[in-house]
Amino acid sequence: MAQESPKNSAAEIPVTSNGQLEDSHEHSFNRDLKCSLPVGLGLSETKITSHGFDSAKEGVVEAGSFPGSSASPKSSVISPSSAAASRLAGQGCDLIIPTGGRAQQKSGPVVLADEVKNPAMEKLELVRKWSLNTYKCTRQIISEKLGRGSRTVDLELEAQIDVLRDNKKKYENILRLAQTLSTQLFQMVHTQRQLGEAFADLSLKSLELHEEFGYNADTQKLLAKNGETLLGAINFFIASVNTLVNKTIEDTLLTVKQYESARIEYDAYRTDLEELNLGPRDANTLPKIEQSQQLFQVHKEKYDKMRNDVSIKLKFLEENKVKVLHNQLVLFHNAIAAYFAGNQKQLEQTLKQFHIKLKTPGADAPSWLEEQ
């Protein structure tokens, strides 16, 4: 009697029609688990891995939180086999598969640390402030010329500045005339010297007129010598007046220009502050008024400082001008009087009194040995 063989465990494993193992129990469990997740559980914490005999890859399902939470909208990233993906999608689960197959990372809040100031931004800020200041000053100048804006005037200081500018024009005229006289005198002295040399040559070649030519030669040479002495005094006078006009007075007028610019800025910011004070005072205008008050105070201090500088420079300039012109006018008078009086001794004494050294002909060009 044949005996029934014991059952093999492998005989209980169901086999499909195509010879593959049936994994319906495992897939059913995973499907029920994925589709029955509670609402409060975030999908970002969910990870479902399915192992199947048909694929060696893992299937990972990641998702964000459900609508209503503070996180970003739900998204799913899946990297399973195509068969497992189709089965998951067939159960009604939302699946979003990016084309790149990579999870999109969400960036969190970015905290910027304090960085070093950009030089370009600093230059841009300086240009902005300069443009704003230029606009305010231009508006103030136009308002003053049209008679609509008010300007700050220091009557005493303005009168001194007007006198200085008028004197500068007169001194420049004297300087031009003295330079013209020096040029003409130089031409005359040069002519007298040549004439004296011509008389001296003729006195040697004309025996019958030897004495007459000799007298004229000596006279012209003496006149040329005295003319050179007078020319030295005039050139010294020109150099001193030129220094006074084009350096000392010009430096003071430069400070005056800076003072006038500071005055325009002061009036421009004063006008802005007055306009803001006339307007309404609320939460929006109070910060502007406070800032305008600070800018006004800064330019007021600058204006006061420049006005004080101009007053001091005008005072010292007046003292220096009187001293310099007194000496130079005495020199010019004594030199001219001695020259036309023919008093050679007094003319030379005048130059010694003012410590004027005449340059000998050819002294300007040093020898090659001195250059070495």
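This is a predicted model: local features need pLDDT of at least 70, side-chain atom pairs count only at pLDDT 80 or more; totals for chains, interfaces and linings use all residues.

Residues are numbered from 1 along each chain as its sequence is written, and side-chain values use heavy atoms, with hydrogens and water left out.

**Exercise 1.** Work out how many helices and strands the protein has, and their order.

*Solution.* Start with the rule: helices (H or I, at least four residues) and strands (E, at least two) are DSSP runs, numbered from the N terminus. Counting gives eight helices and two strands. Then read along from the N terminus: α-β-β-α-α-α-α-α-α-α.

**Exercise 2.** Find which residues the UniProt annotation "coiled-coil region" covers, and check their helix content.

*Solution.* First, the unreviewed UniProt entry puts this annotation on residues 154-181 and 289-320; such annotations may be inferred rather than shown by experiment. Next, take residues 154-181: the span is 96% helix and 0% strand, with its end C-alpha atoms 41 Å apart. Finally, residues 289-320 are 100% helix and 0% strand, and their end C-alpha atoms lie 46 Å apart.

**Exercise 3.** Is Lys 321 buried or exposed, and what does Lys 321 touch?

*Solution.* Locate Lys 321 in helix H6, residues 285-341. Its relative accessible area is 11%, so Lys 321 counts as buried (under 20%; exposed is over 50%, partly exposed in between, with a 1.4 Å probe and protein chains only). Now look for contacts (heavy atoms within 4.5 Å): leaving out residues up to four places away in sequence, Lys 321 touches Asn 167, Tyr 171 and Leu 244.
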